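This briefing sets out selected features of one protein structure, grouped by topic. Please consult the sequence and the coordinates alongside the text.

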Amino acid sequence: MSRPVYFDNNGTTALHPKVLQAMLPYLSEQQGNATSRHIYGRSARNAIDQAREQVADAVGAHTSQVIFTCGGTEADNLAITGVAGALGKGRIAISSIEHPAVSRPAEALRWQGWELDLIACNQHGQVEKSSFVAILENRPDIVSVMLANNETGVIQDVAALGELARQHKAYMHTDAVQALGKLDLNFTDLNVHAMSLSSHKINGPQGAGALILDKRIDIQPLLYGGGQERGLRSGSENIAAIVGFGTACHLLATEVRTHRNKLVGLREHLEHGLCQLGAIIFGAEAERLPNTSFFAFEGIDGETMVMALDKQGFAIASGSACSSDSKEPSHVLLAMGIPPDIARGAIRVSLGNDNELHEINAFLQTLERELARLRKLTAVAV
């Protein structure tokens with residue numbers, strides 16, 4: 001049996017061979033704790049310092065602004081809950097299409113007495129500037145708008161929104177987990193105070209991420225202990241994962257633009273075929289990540305199609321990997337005004353650097369057959 005085709009790269013990506021090679025010594029012979037003063041500890045510390053430089057370079061930040069975490073979710077939680085803890089009580093505003101790693105900490109703050117405002121988006125999945133400006137008049141203390149949506153791939157003009165937030169003296173955070181590796185990122189140019197990143201979205205290992213944080217921001221840690229990461233993230237560092245994250249960031253400098261052009265071509269070919277099959281493509285009129293296509297077919301259940309295509313050798317998703325257990329329609333699509341019956345049919349193809357044109361063609365042929373089969377079954381049931 002041939003290996004299934006992997007089309008779920010927004011969920012996670014394959015570990016790059018060079019990343020694995022860089023990690024291996026820290027999974028075997030380099031057993032030192034980075035806080036130890038002996039030669040093994042110094043070696044571990046040097047490895048973390050190098051990785052910190054690599055992550056900082058990838059996003060135009062200073063090494064002192066990089067706080068390593070166990071992933072994007074922890075980085076988002078630290079950005080929201082950590083700042084809220086330093087403020088005490090206040091007001092937070094987030095977009096209606098945020099990842100649960102942002103929306104759920106914001107909801108938790110509301111339970112603790114914070115005021116919570118949701119920033120509306122339009123039918124294309126873009127944050128409504130008028131809604132953003134109106135909410136800024138409420139004087140929020142914290143604002144969070146993701147740079148690129150994990151489901152639709154729609155990109156937000158965070159630099160412009162961040163400038164407005166700063167004018168209103170608000171702390172501005174962006175979840176850039178999906179943007180890293182697909183867009184050119186510069187922390188300063190985005191006009192934000194904090195930015196969340198994750199390793200496993202860029203062919204690095206799972207279990208590593210970072211919060212890029214303006215050093216002037218007061219923030220409380222989520223974890224207390226040995227005082228690692230400037231006292232903001234205690235716990236013995238996962239050296240192998242951090243080294244892998246740094247190496248993956250280093251590889252972006254030479255590979256991202258080449259892969260971006262290829263991915264745009266593949267996505268355009270895919271969506272041309274999808275339109276011929278009658279697909280509704282969400283966010284098609286907006287600027288999107290080069291690898292992401294989120295679509296549906298009227299009368300076809302998304303989960304049913306995902307399972308059918310899985311049996312045919314294609315790994316795709318029905319939405320966010322982090323909330324795939326939910327049977328509810330995508331909150332992102334509902335926020336865009338998509339009817340629930342259409343939203344329930346949503347499936348996502350997120351391409352990776354290893355995908356090829358022949359895989360797209362095979363997918364479209366299989367999709368056409370499965371659509372015909374499922375529609376026939378539906379007709380018989382009726």
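Does Arg 91 count as buried, partly exposed or exposed, and at what relative accessibility? Arg 91 counts as partly exposed, its relative accessibility being 22%; the limit for a buried residue is under 20%. The model is a predicted one.

**Salt bridges**

- The structure contains 11 salt bridges.
- One of them joins Asp 117 to Arg 91, with 2.7 Å between the closest N and O atoms. Because Asp 117 belongs to strand E4 (residues 115-119) and Arg 91 to strand E3 (residues 91-95), this pair ties together parts that are 26 residues apart in sequence.
- Arg 233 lies in the loop between strand E8 (209-213) and helix H7 (239-276), and Glu 74 in helix H3 (residues 72-87), so the pair ties together parts 159 residues apart in sequence.
- Both Arg 233 and Glu 74 are buried.
- A further salt bridge, 2.6 Å from N to O, is formed by the side chains of Glu 107 and Arg 110. These residues are separated by about one helical turn, because they stand three residues apart in helix H4 (residues 100-111).
- Glu 107 is partly exposed at 28% relative accessibility, and Arg 110 is partly exposed with a relative accessible area of 42%.

**Aromatic pairs**

- Six aromatic pairs are present in the structure. In one of them, the ring centres of Phe 7 and Phe 314 are 6.3 Å apart and the planes are at 25 degrees, so the pair is stacked; planes under 30 degrees apart count as such.
- This pair links distant parts of the chain, 307 residues apart: Phe 7 is in the loop between strand E1 (5-6) and H1, and Phe 314 is in strand E11 (residues 314-315).
- Phe 7 is buried at 0% relative accessibility, and Phe 314 is buried with a relative accessible area of 5%.
- Together with Phe 363, Phe 7 and Phe 314 make up one aromatic cluster.

**Helix H6**

- The buried residues in helix H6 (residues 158-167) are Val 158, Leu 161, Gly 162, Leu 164 and Ala 165. Viewed down the axis of H6, the buried residues fall within an arc of 160 degrees, so they line one face of the helix.
- Helix H5 (129-136) and strand E6 (171-175) are the elements against which the buried residues of H6 pack.
- Lys 169, which follows H6, has a positive phi near 65 degrees.

**Surface and loop residues**

- Leu 15, Leu 20, Leu 24 and Leu 27 make a nonpolar surface patch of about 350 Å².
- Of these, Leu 24 is placed in the loop between helix H1 (17-23) and helix H2 (39-58). Leu 24 is partly exposed, at a relative accessible area of 44%; patch residues need over 30%.
- Gly 337 is found in the loop between helix H9 (331-335) and helix H10 (340-343), and this residue is exposed, with a relative accessible area of 57%.
- A separation of 20 Å divides the C-alpha atoms of Gly 337 and Asp 157, which are 180 residues apart along the chain.

Key. Residues numbered from 1 in each chain as written. Predicted model: local features only at pLDDT ≥ 70, side-chain atom pairs only at ≥ 80, totals over all residues. Heavy atoms only, no water. Patch = residues over 30% accessible without salt bridge, like charges linked within 9 Å, V, L, I, M, F, W, Y side chains within 5 Å. Areas by Shrake-Rupley, 256 points an atom, 1.4 Å probe, with all protein chains shown as cover. Salt bridge = Lys/Arg side-chain N within 4 Å of Asp/Glu carboxyl O. Helix = DSSP H or I, 4+ residues; strand = E, 2+ residues; numbered from the N terminus. Buried < 20%, exposed > 50% of the residue type's maximum accessible area, 1.4 Å probe, protein only. Phe/Tyr/Trp six-rings, centres within 6.5 Å; stacked < 30°, edge-to-face > 60°. Arc of directions from axis to C-beta. Contact = heavy atoms within 4.5 Å.
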